[in-house]
Amino acid sequence: MSRSAHPAGPRHADVLPEGHYSAPPADLNTLDKKVWSETVTRDEYGELTVGGITATRLAEEFGTPVYVLDETDFRARARAWRTAFGQDADVFYAGKAFLSRAVVRWLHEEGLNLDVCSGGELATALSAGMPAERIALHGNNKSVAEIRRAIEAGVGRIVLDSFQEIVRVAHIARDLGRRQKVQIRITVGVEAHTHEFIATAHEDQKFGIPLAGGQAAEAVRRALQLDSLELIGVHSHIGSQIFDMSGFEVAARRVVGLLKAVRDEHGVELPEIDLGGGLGIAYTSDDDPREPHEIAKALNEIVTRECEAAALRTPRISVEPGRAIVGPTAFTLYEVGTLKPLDGLRTYVSVDGGMSDNIRTALYDAEYSVSLVSRTSGAEPMLSRVVGKHCESGDIVVKDAFLPADLAPGDLLAVPATGAYCRSMASNYNHVPRPPVVAVKDGQAKVIVRRETEEDLLRLDVG
């Protein structure tokens, strides 16, 4: 790999343009453990290693870009969630974050349940041996075929998202001679994102049945009247990338209020509540996520307190971490292709991937970290923007980051915390094949989702 220097862009903080960045770190070679997986470190030569394997070896063996998933870290995080909530609660991994048959097997072995929201996710779960009774089916517009397959398979619960779906699931269950366990997803008027929540006017969304206006109470009323449905509880999800538990407290209070109303009207105490997922992770050093045991303690205290105040038995709690488990366990490895210094602004660093393997920066204005991982460098920091190879000006991977001023074509960069939603939302934009997912553990690396090829793309084109 070339290690030649190039004309650098701006380096000093006092001449930098306005942007989404902090002051340069004291040492560009230090890997902040907050954003990297458990086994990531640098070896004696300065290369990043994960699971005992160097970044260079991974690039040579599997090519770039490549998603590298730390199996040891994934299993440890799954186990931490299972342990934190104990046997009196259920932890459903949210498969939409990232799902493969290998991941399903890991979840099964670590004692987690699985939340799916499409026929494809259900097929993946069943094909990898996840017991159907440990699967929950979500979705705001499940097809008849998806519902039928789920009921035939014996899924543990279907989360009902509309009045039409209450009837649809009931009819299919009746036709199949089954009594299907269900929850009703309610919209509680709380939306939480990162450090803030707003407790008004968030019924305006496609998910759930609003608590406002008595709609959720009516949904419960209808579900209880249908013999082919067994209503086991209600479901609430308030947002994503949440660090502050205040939104959960408001949501739990409103959910328990509905349970009390159900008890008072029907003489039934629903045995379960699902408080959803959305717990945040560290994408940058500025993020400060909570540990699973802290989250479990807070949620249990909130629900117990609200139920005691309402004179209700405390229901069994379910949670749905997805990003919080898989997000920190993976990074994306890229090779630098070109560098374009813009005097007084920044240096554009182009890599061999981009928005087709990580759409979140373009779609959500998400922020990421990035590091030079094929070597260390003593060069001073250079304000950089890491961009992809796609024909879009919005094809940005990392908006603003400091990289060494001697960065050169052929160097390897890694973007941590890309385990969630990056491969799941990947595309073939510009007919670029999607990267593979490689799991590493104890010095061994194996492909769990292979790289797409041009032959794969052409095989679908039947014109």
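Strands E20 and E21 pair in the antiparallel sense over 6 bridges; strands here are DSSP runs of at least two residues and helices are H or I runs of at least four, numbered from the N terminus, and two strands pair if DSSP finds at least two bridges between them. Before I go on, this is a predicted model, in which local features need pLDDT of at least 70 and side-chain atom pairs count only at pLDDT 80 or more, while totals for chains, interfaces and linings use all residues. Residues are numbered from 1 along each chain as its sequence is written, and side-chain values use heavy atoms, with hydrogens and water left out.

Within this pair, Leu383 has Phe402 of E21 as its bridge partner. Strand E21 spans residues 396–404 and is mostly covered, with 9 of its 9 residues buried; buried means under 20% relative accessible area, exposed over 50%, and partly exposed in between, with a 1.4 Å probe and protein chains only.

Let me turn to Arg385, which sits in strand E20, residues 381–387. Arg385 counts as buried because its relative accessibility is 15%. Its side chain makes a polar contact with the side chain of Tyr348, at 3.5 Å. A polar contact is a pair of N or O atoms within 3.5 Å; within protein, one must be able to donate a hydrogen and the other to accept it, and residues adjacent in sequence count only if both atoms are side-chain atoms. Beyond its neighbours within four places in sequence, Arg385 is in contact (heavy atoms within 4.5 Å) with Arg346, Thr347, Tyr348, Val349, Ile396, Val398, Lys399 and Asp400.

Elsewhere, 3 strands form an open antiparallel sheet in the order E1-E2-E3. Its edge strands are E1 (41–42) and E3 (53–54), each pairing on one side only. Strand E2, residues 48–50, joins E3 through 2 antiparallel bridges, and Val50 stands opposite Ile53 in E3.

My last topic is the second largest pocket, which is lined by 13 residues; Leu99, Ser100, Thr124, Arg423 and Val449 lie nearest its centre. Helix H4 (119–127) and strand E24 (444–449) are the elements that give two or more residues to this lining, and the largest share, 3 residues, comes from H4. On a 1 Å grid over the protein atoms alone, a pocket is an open set of points where a 1.4 Å probe fits, with protein on both sides within 12 Å along at least five of seven lines, and lining residues have an atom within 4 Å of a point.
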